[in-house]
Amino acid sequence: MTTATLDHAPVRARPAGFLADCIGIATRSIRAVPREIEFVVPALVVPVFFYTINIGALGPLAEANTGLDFKAFQLPVAIIFAVTGLSRASALVTDIQNGYFDRLLMTPIRRLSLLLGLMMADLVLITTLSIPVVIMGFIVGVRFETGALGVLIFIFMAGLWGLAFTGFPYAIALKTGNPAAVNTSFILFFPFAFLTTSFLPLDNLSGWLQTIARWNPVTYLLASMRSLLYGGWDFYDIGVGLLAIGIVGTVSMTLAFAALRGRLKRG
Amino acid sequence: MSIGLGAVADTAVRTEDLRRFFEDTRAVDGVDLDVKTGEIYGFLGPNGAGKSTLVHVLCTLLLPTSGRAEVAGFDVARQPVDVRLRIGVALQEASLDPAQTGIELLRLQGRLYGLSKREIEQRLHELSQLVDIGPALGHRIKTYSGGMRRRLDLAAALVHNPQVLFLDEPTTGLDPASRLRVWDEVRRLNAEGITIFLTTQYLEEADALAHRVGIINQGHLIKEGTPSDLKRSLGSDVIIARVEDGAERACNAVREVVGVDQVDVHGDELTVRALDGSAVLSPVAIALDSCGVRVRDLTLREPTLDDVFLELTGGHIQQDDGHAQQEGTSDNGDA
């Protein structure tokens with residue numbers, strides 16, 4: 001044991017500020033990602049797998065019947081598969097379980113930044129993981145009619161969608177504090193990702209599936225992203241896509257922040 | 001409240017009729033505390049007595065059900081941020097993120113308390129020596145031993161120079177050598193001017209460290225004072241006799257010994273109180289022998305805080321492998 005003494009005088013605690021709190025939480029979260037390779041690998045493997053299978057198995061048939069460039073048609077699906085449900089919710093549950101969340105609560109951190117910081121990290125990760133998927137599209141010959149700006153907006157929309165969806169796993173994480181419950185949140189992904197125009201255009205879907213797809217916000221997100229690929233600048237489609245993201249985001253974030261309020265109740 | 005951040009209130013912790021209930025469980029039930037700045041205050045009680053719940057209220061993790069609590073001059077319910085800026089907390093289970101390195105955790109902790117990079121590095125330098133964790137700071141926390149995790153937890157609680165440090169059972173589960181190290185650290189921190197609120201189930205810990213001790217049982221603060229005052233309040237020496245059988249018979253025999261003030265039986269153990277223990281030790285041994293009870297162990301000693309607890313509650317604070325429970329009492333939902 002050494003006999004060091006503390007020099008108290010110069011160091012005084014003070015509130016760090018909302019942005020600094022968010023950045024602190026986000027930085028910690030991003031730093032953890034390379035240490036959890038199991039977190040990143042599925043997000044890269046799943047879209048590549050489905051993209052390859054879909055264009056290989058269905059491409060010739062779909063192109064013969066619809067005249068679509070199926071590789072371009074499938075690229076937004078691949079990116080939705082990559083980013084939907086990607087979040088640090090499981091890490092949040094671990095924090096709750098091992099008491100680190102309580103340690104954070106005993107600091108003067110703004111409570112909102114506990115969640116917003118994680119979401120900032122998610123946005124960075126989702127956007128980063130979108131890039132390899134877009135590169136994969138370029139490799140197989142997909143081109144953007146809207147050019148470089150279209151590519152950026154394509155990635156931006158994927159990022160916004162991924163962020164909008166994160167509210168669901170965070171709501172489950174904060175409400176239950178249970179890792180198994182968070183893991184089951186991926187079930188939400190299936191109706192969003194499959195009951196839509198993921199394989200065929202809306203007009204080619206059968207009756208019941210077409211009806212459901214019309215109510216699925218992902219249908220409009222895919223339409224807007226596809227318009228960037230082969231429809232040229234269609235601001236109506238882009239606007240509707242953003243609105244669809246906004247609706248899902250409003251629902252999921254309302255649930256997530258309500259769950260945060262519940263978790264933070266001291267009474 | 002007009003106490004500036006650098007100013008120090010005379011009273012570090014004050015509670016008035018503080019209550020915290022969980023549905024039907026009265027975890028803390030009408031506790032009045034007045035801990036002076038600069039004190040080491042030991043909060044002693046068995047598992048489930050309400051110690052941790054009280055600490056959670058004082059650290060702003062829980063709201064009181066009723067009553068008031070102030071820490072460093074600020075109300076825990078109405079001014080939680082002011083309280084958080086002035087306290088450091090090491091809870092019973094080290095609250096650490098195993099995926100971070102020690103240094104990453106301490107840096108983030110410093111950032112959340114608004115410290116500049118220079119201040120954080122200064123504190124890291126000081127703390128790495130103070131809690132003797134040195135080179136391990138660069139390693140992932142998941143590789144740390146239990147003792148190292150405790151020390152890092154303590155360092156995290158100290159990053160921002162708190163005025164009041166809450167240590168919730170800081171040595172539970174530690175080996176004796178690590179426990180003594182923590183004691184040294186607690187004394188040194190207190191010498192630096194930090195008020196320390198220490199909960200413990202270890203009698204010798206409260207005895208060795210605390211300037212004053214509060215004894216809590218079933219949510220009530222049942223006695224408070226310096227360890228020596230509390231022990232002196234018993235006013236007698238203690239003779240402990242462990243017998244093989246016939247404890248009640250032995251009790252009746254010992255009660256007849258001249259000079260014996262009180263005899264209590266707990267299982268196979270007799271606790272004999274006498275003003276002059278050394279004078280009655282032999283007569284007690286003779287009385288036990290004459291009533292035909294086989295004696296395994298006969299000890300004369302000064303009163304301990306456990307004797308105080310026994311006197312007040314009729315039960316011991318039992319300590320087994322780091323887990324203490326009060327004999328004959330049930331857990332009351334310590335959170």
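Okay, before anything else, a quick definition: when I say two residues are in contact, I mean that their C-beta atoms, placed from the backbone, lie within 7 Å. One more thing to keep in mind is that this is a predicted model.

The contact takes 34 residues from chain A and 39 residues from chain B. On the chain B side, four helices each supply at least two residues: α2 (80-86), α3 (102-112), α4 (117-130) and α6 (176-191). Which of them gives the most? That's α4(B), with six residues.

Let me step back to the chains themselves, starting with chain A. What is chain A built from? Chain A has 267 residues, and 43% of them are buried. Take the contacts in chain A with a separation of 6 or more: 77% of those are between residues 24 or more positions apart.

Now chain B, which brings in strands. Here we have eleven helices and 16 strands. The C-alpha trace spans about 75 × 45 × 35 Å along its principal axes. Of its 335 residues, 51% count as buried. For the contacts in chain B between residues at least 6 apart in sequence, 69% join residues at least 24 apart.

On to the sheets; I'll show you two, both in chain B. The one I'll take up now is an open sheet of four strands, in the order β2-β1-β4-β5, with antiparallel pairing. At its edges are β2 (25-36) and β5 (74-75), each pairing on one side only. Strand β4 (residues 66-71) runs antiparallel to β5(B), and two bridges join them. If you want to find one of these on screen, look at B:E70, whose bridge partner in β5(B) is B:D75. Helix α1 (residues 51-58) of chain B packs on this sheet, where it touches β1 (11-22), β2 and β4, and its direction makes about 65° with that of β2(B).

As a reminder, most residues other than glycine have a negative phi. B:D17 isn't a glycine, yet its phi is positive, about 50°. You'll find B:D17 in strand β1 of chain B. Is B:D17 buried or exposed? Exposed, because there are 12 other C-beta atoms within 10 Å, and 12 or fewer is the cut-off for that label. The other residue is B:T60, with a positive phi near 70°. B:T60 is in the loop between α1 and β4 of chain B, and it counts as buried because it has 24 C-beta neighbours inside 10 Å.

The other sheet also has four strands and is open and antiparallel, in the order β12-β13-β11-β14 (chain B). β12 (260-266) and β14 (295-301) stand at the edges with a single partner strand each, so one side of each has no neighbour in the sheet. From one strand to the next, the twist averages 15°. Strand β11 (residues 237-243) pairs with β14(B) in the antiparallel sense over six bridges; for example, B:A241 has B:L298 as its bridge partner in β14(B). Lying across β11, β12, β13 (269-274) and β14 is helix α10 (residues 277-290) of chain B, at about 20° to β11(B).

In soluble globular proteins, nonpolar side chains tend to be buried together. The largest nonpolar core here has 149 residues, and the members touching the most others are A:W161, B:L58, B:V71, B:F166 and B:L198. Which element contributes the largest share of this core? Helix α8 (residues 147-176) of chain A, with 15 residues. As for B:V71, leaving out residues up to four places away in sequence, its contacts include B:A12, B:L58, B:I87 and B:V164. There's also a second, separate core of 19 residues, with B:A250, B:V254, B:V257 and B:V284 among them.

That's my tour, thanks.

Methods:
Residues are numbered from 1 along each chain as its sequence is written. Chains are lettered from A and ligands numbered from 1 in the order in which they are written. This is a predicted model: local features need pLDDT of at least 70, side-chain atom pairs count only at pLDDT 80 or more; totals for chains, interfaces and linings use all residues. A nonpolar core is a set of buried Ala, Val, Leu, Ile, Met, Phe, Trp, Tyr and Cys residues joined through C-beta atoms within 7 Å. A residue is buried if 20 or more other C-beta atoms lie within 10 Å of its own, exposed if 12 or fewer, and partly exposed in between; C-beta atoms are placed from the backbone. Two strands pair if DSSP finds at least two bridges between them. Axes are lines fitted to C-alpha atoms, for helices over the stretch in contact, and angles run from 0 to 180 degrees between N-to-C directions.
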